Amino acid sequence: MLHKNIILDKISDYDFFRDTNLLIQYYDDLLGYDVRDVRNIGHPIYEKYQELCRLTSNPKVYQREKLYSHFSFLESLKRVKLHSEADFLFYKDRLAKNKYDTTYYGNKFEAFIYFTLLEKDILFRKTESPDFTIMSNENEIYIECGSTMYDHLKAVKKANPFVKIRKGLNKKSNKSYVNGRTLLFYDITNIKFYQPTIKIEDLHYLVKKSCPDVSKDYYGSVVFFNFCFDLSLDTYAWQINSIRHKNCAQEIIEFMQTNGFPDFTTENRLFPIVA
C-alpha cells in the first residue's frame, strides 16, 4: 500500500500512537529489538525511533522518516526473511545486533535492493564483494551497493556534498570486481536531503572525476538512489539516476532496460515505495 502524504500542522495523537505502537511491535516481532530500551542508546535503530518521536510538529519530515527509516526498512527485511532465512539472519546480525556498526546505513540500503530484486522477480543470489550476482540472459552480472551520508548534523554546514559523494565513489572504485559487468547502486538520500540543489549534471561530473582515465575498468553503470517526496505520485518514492560508462557490458544495458531502471538518463526515474 502506498502511503499518501497529508499536509498537516501536526501529527495527531491518534496517528502518532498508532504508528509508534505498530513500530514497537514490528521491531520486536521481526528483529527481537526493543526500540524503547535505553540500553540501545547509540544504536541507529533506537536513535531513529527517538528522532521520529520528536518530529510530530513537522509532519512532512515525520512522514519521510516513518517510511524511509522504519516501515520500508522493516518491509524489506520481512520480504528477505520470507525468501531466505539465512540471508535474513545475515542482515539481522549486521543491522540489529551490532550497536557500533558504521556500515549500518549501507547494509540497510542493501536490504532494500534485495527487496527490490525480489519484487521485480529477478533471478539472483546474495554474495559478498560484490553484493549480488544476477543471472541475465544466461550470463552473470553483478551489483555492488554503497551509500554516502553526513556523520552528524553539524557536519552538514561544513562539508562539501560533492567531496562527500566523490570520496565514497573513489572508495568503491578500488575494488577487484570493478568492471563493465558490475553495477554500482549508490544511495545519496542523506546528502540530497540536506543539499537538494544537487543536479543530475553534478552526478555525471562526480562519476567522471572518480574515473578520470576512461581507458581503465570501471563500473558498467553507476545508479544513484534518492528517497524523496514526489508530487505527481503524491507519495514518497525512490528517485533514480543512472550514468553509464563506455565499458558497460551489453548484459548490463539489457538488464537495466528490461527491469525498469534508467539506463543512461538526464531525467529522473521514480520507483514508488511499498510499505
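1. Histidine 70 is part of helix α3, which spans residues 59–83; helices here are DSSP runs of H or I of at least four residues, numbered from the N terminus. The model is predicted: local features need pLDDT of at least 70, side-chain atom pairs count only at pLDDT 80 or more, and totals for chains, interfaces and linings use all residues. Residues are numbered from 1 along each chain as its sequence is written, and side-chain values use heavy atoms, leaving out hydrogens and water.

2. Histidine 70 has a relative accessible area of 0% and is therefore buried (under 20% relative accessible area, 1.4 Å probe, protein chains only). Its side chain makes a polar contact of 2.8 Å with that of tyrosine 27 (a pair of N or O atoms within 3.5 Å, one able to donate a hydrogen and the other to accept it; residues adjacent in sequence count only if both atoms are side-chain atoms). A polar atom of the histidine 70 side chain also lies 3.3 Å from the backbone oxygen of lysine 48.

3. Leaving aside residues up to four places away in sequence, histidine 70 touches Leu23, Tyr27, Ile45, Lys48, Tyr49, Leu52 and Glu65 (heavy atoms within 4.5 Å).

4. Helix α1 (residues 13–31) packs with helix α2 (residues 44–53) at an angle of about 170°, the axes being 11 Å apart. Helix α1 is therefore roughly antiparallel to α2 (angles over 145 degrees). The residues of this contact comprise 9 nonpolar, 1 polar and no charged.

Key: Axes are lines fitted to C-alpha atoms, for helices over the stretch in contact, and angles run from 0 to 180 degrees between N-to-C directions. Helices (H or I, at least four residues) and strands (E, at least two) are DSSP runs, numbered from the N terminus. Angles under 35 degrees count as roughly parallel, over 145 as roughly antiparallel, 65 to 115 as roughly perpendicular and the rest as oblique. Ala, Val, Leu, Ile, Met, Phe, Trp, Tyr, Cys and Pro count as nonpolar, Asp, Glu, Lys and Arg as charged, and the others, Gly among them, as polar. Buried means under 20% relative accessible area, exposed over 50%, partly exposed in between (1.4 Å probe, protein chains only).
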